[in-house]
Amino acid sequence: GPEQMTNELILKLERIAAAGIQIIPTPEVPTHFVFERDGCVVLVERRGEGFGAVGSPGMLSSHGGFAALVEQNGRPWFIAKGEKREAQPGEAEAARRLFNEVKGALR
């Protein structure tokens with residue numbers, strides 16, 4: 001019942017917090033929760049009171065929007081609306097690691 005749902009949600013949120021990941025308020029992205037750590041972000045669908053599909057990793061762009069991590073010519077880039085920059089050493093790995101940990105915590 002709803003009680004079970006709440007307990008599961010609390011456990012997921014505790015796993016997220018334990019991994020040093022925070023959920024940041026982003027009114028400009030009403031359809032998703034934004035999970036952030038060290039500047040890396042992962043978008044997760046809002047599904048009622050809970051979480052839906054985990055989206056691709058990225059970073060917050062300079063406008064506060066989402067810049068997706070994309071491979072181009074074998075190199076990682078962060079690409080947002082009207083904005084594109086090459087990932088710095090370690091950034092792509094950090095974003096992928098965040099993605100994997102969010103997936104693990106929410107399953």
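Modeller: Two strands pair if DSSP finds at least two bridges between them. Strands are DSSP runs of E with at least two residues, numbered from the N terminus. This is a predicted model, where local features need pLDDT of at least 70 and side-chain atom pairs count only at pLDDT 80 or more, while totals for chains, interfaces and linings use all residues. Residues are numbered from 1 along each chain as its sequence is written, and side-chain values use heavy atoms, with hydrogens and water left out.

Start with β4, residues 50-60. Strand β3 (residues 40-47) runs antiparallel to β4, joined by 6 bridges. C40 has M59 of β4 as its bridge partner. The β3 and β4 hairpin has 2 residues between the strands. There G48 takes a positive phi near 60 degrees.

β4 also pairs with β5 (residues 66-72), again antiparallel, over 3 bridges. L60 stands opposite F66 of β5. This hairpin has 5 residues between the strands, and G64 has a positive phi near 85 degrees.

Now the cavity. A cavity is a set of points on a 1 Å grid over the protein atoms alone, where a 1.4 Å probe fits but cannot get out. Grid points are joined across faces, edges and corners, and volume is the space filled by probe spheres set on the points. The structure holds 1 cavity of 30 Å³ or more.

Notes: 1 Å grid on protein atoms, 1.4 Å probe; cavity = no way out; pocket = protein on both sides within 12 Å on 5 of 7 lines; lining within 4 Å. Helix = DSSP H or I, 4+ residues; strand = E, 2+ residues; numbered from the N terminus.
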